[in-house]
Amino acid sequence: MNDFRLHTYCFSPTGTSRKNMMAMVQGVGEERAEHHDCTKEIPAYPMLGSNDVALFSVPVYGGYVAPLALKRLEGVKGENTPAILLVTYGNRDFEKALEQLAEFVSHRGFYPIAAAAMIGEHSYGNQQYPIAMGRPDQSDLTKAVEFGMQVREKLNSQVFNVAESNPKAHSMVDVKRDMPKVKTPLLSKLRFIKFVLGYQRRQKRHPVKVYPQKAVEKCIHCGACAKSCPTGAIAIGQEEVTDTAHCIRCCACVKGCPTAARTFNSPFAPALSANFKKRREPLFLW
């Protein structure tokens, strides 16, 4: 597949999934890439064939692919098209996300030839409760570039260039069986499970949904929060208001506010920060 065309599909409200993806694209070959960003809207998706390659990059929310990402990608279609899968998670665990993404794309005519689970600064992290702050860092991005180069080598290998062979049969990866797993100390895992169970009990008794808050006195009405919101839950000129019916609590508005006027005090932040401090490294399969 020396003449393949790379199509990227990205949902990245806070930019971490995009950073990881673009580093990977550098390794595969930027000159081959055509980008389709569904973070804020659904672009017109081309029908892909067996001479194309798709790269899907999405964030992990609670161990699964962000629901809105899958909704925005429903119209993507391929025909026996090889795909690279990339999920970005906030230093806890990606759990079922890659398996879910693999199943999702397979139903739309793609088959996975490589997969990666990379780390990004957690949406809920802040100075008080840091969770993978500053990730992906240069080390992460370097590894993503190197992974992209490995994938390019695989695409240019004999498997994809011998006409009588079946590339899918020889190059498809089994994410569920072969993808490396995140190793979490048992005590940290048990502490977090205890917190989650307690939180769920409290929510049953007194349901409370927490959303990003705004310190009006700090707001300079620059519109950055409205521009970064993937669902249009914030309107330019009315930045002090968040439409909670559309807010997905991705915290793009919080991360992108230049004056720290927006905050999100998630009840999960302390537990995540306390139990998942150890640095995770990117995991790859090809």
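**Entry 1: charges that meet**

I began with Glu121 and Lys255, which form a salt bridge whose closest N and O atoms are 2.8 Å apart. I keep in mind throughout that this is a predicted model. I then looked up where the two partners sit: Glu121 is in the loop between S8 and helix H4 (138-155), and Lys255 is in helix H10 (residues 252-255). The pair links distant parts of the chain, 134 residues apart. Glu121 counts as partly exposed, at 21% relative accessibility, and Lys255 also falls in that class, at 30%.

Next I turned to Arg135 and Asp140, where the closest N and O atoms of the salt bridge are 2.6 Å apart. Are these two buried or exposed? I found both Arg135 and Asp140 buried. They also belong to a network, in which salt bridges with shared partners join Arg135, Asp137, Asp140, Lys143, Arg279 and Glu281.

I noted one more pair, Glu31 and Arg32, with an N to O distance of 3.9 Å. The cut-off for a salt bridge is 4 Å, so this pair still counts. Glu31 is exposed at 59% relative accessibility, whereas Arg32 is buried at 16%. My search of the whole structure gave 11 salt bridges.

**Entry 2: charges over rings**

Arg32 came up again here, because its CZ atom meets the criterion for a charge over a ring. Arg32 lies over the face of Phe4, 4.2 Å from the ring centre. I found Arg108 over the face of Phe104 as well, at 3.8 Å from the centre of that ring.

**Entry 3: ring against ring**

How many aromatic pairs does a search of the whole structure find? I got 12. For Phe56 and Phe110 the centres are 5.2 Å apart and the planes stand at 85 degrees, so I logged the pair as edge-to-face. Phe56 is buried at 1% relative accessibility, and Phe110 is buried at 4%.

Phe195 and Phe268 are also edge-to-face, with centres 5.1 Å apart and planes at 85 degrees. Phe195 lies in helix H8 (residues 186-205), while Phe268 is in the loop between strand S10 (262-263) and helix H11 (269-275), so the pair ties together parts 73 residues apart in sequence. Phe268 counts as partly exposed, at 22% relative accessibility. I traced the ring pairs onward and found Phe192, Phe195, Tyr199, Phe268 and Phe276 linked into a cluster.

**Entry 4: nonpolar side chains, inside and out**

I looked up the largest nonpolar core, which has 38 residues. Elements that give two or more residues to the core include S4, helix H2 (67-72), strand S7 (81-89) and S8. H3 gives the largest share, six residues.

Then I checked the surface. Leu186, Leu190, Ile193 and Leu197 form a nonpolar patch there, with about 380 Å² of accessible area together. Ile193 lies in helix H8 and counts as partly exposed, at 41% relative accessibility.

How values were computed. Residues numbered from 1 in each chain as written. Predicted model: local features only at pLDDT ≥ 70, side-chain atom pairs only at ≥ 80, totals over all residues. Heavy atoms only, no water. Phe/Tyr/Trp six-rings, centres within 6.5 Å; stacked < 30°, edge-to-face > 60°. Buried < 20%, exposed > 50% of the residue type's maximum accessible area, 1.4 Å probe, protein only. Helix = DSSP H or I, 4+ residues; strand = E, 2+ residues; numbered from the N terminus. Lys NZ or Arg CZ within 6 Å of the ring centre and 35° of its normal. Patch = residues over 30% accessible without salt bridge, like charges linked within 9 Å, V, L, I, M, F, W, Y side chains within 5 Å. Areas by Shrake-Rupley, 256 points an atom, 1.4 Å probe, with all protein chains shown as cover. Salt bridge = Lys/Arg side-chain N within 4 Å of Asp/Glu carboxyl O. Core = buried A, V, L, I, M, F, W, Y, C linked by side-chain atoms within 4.5 Å.
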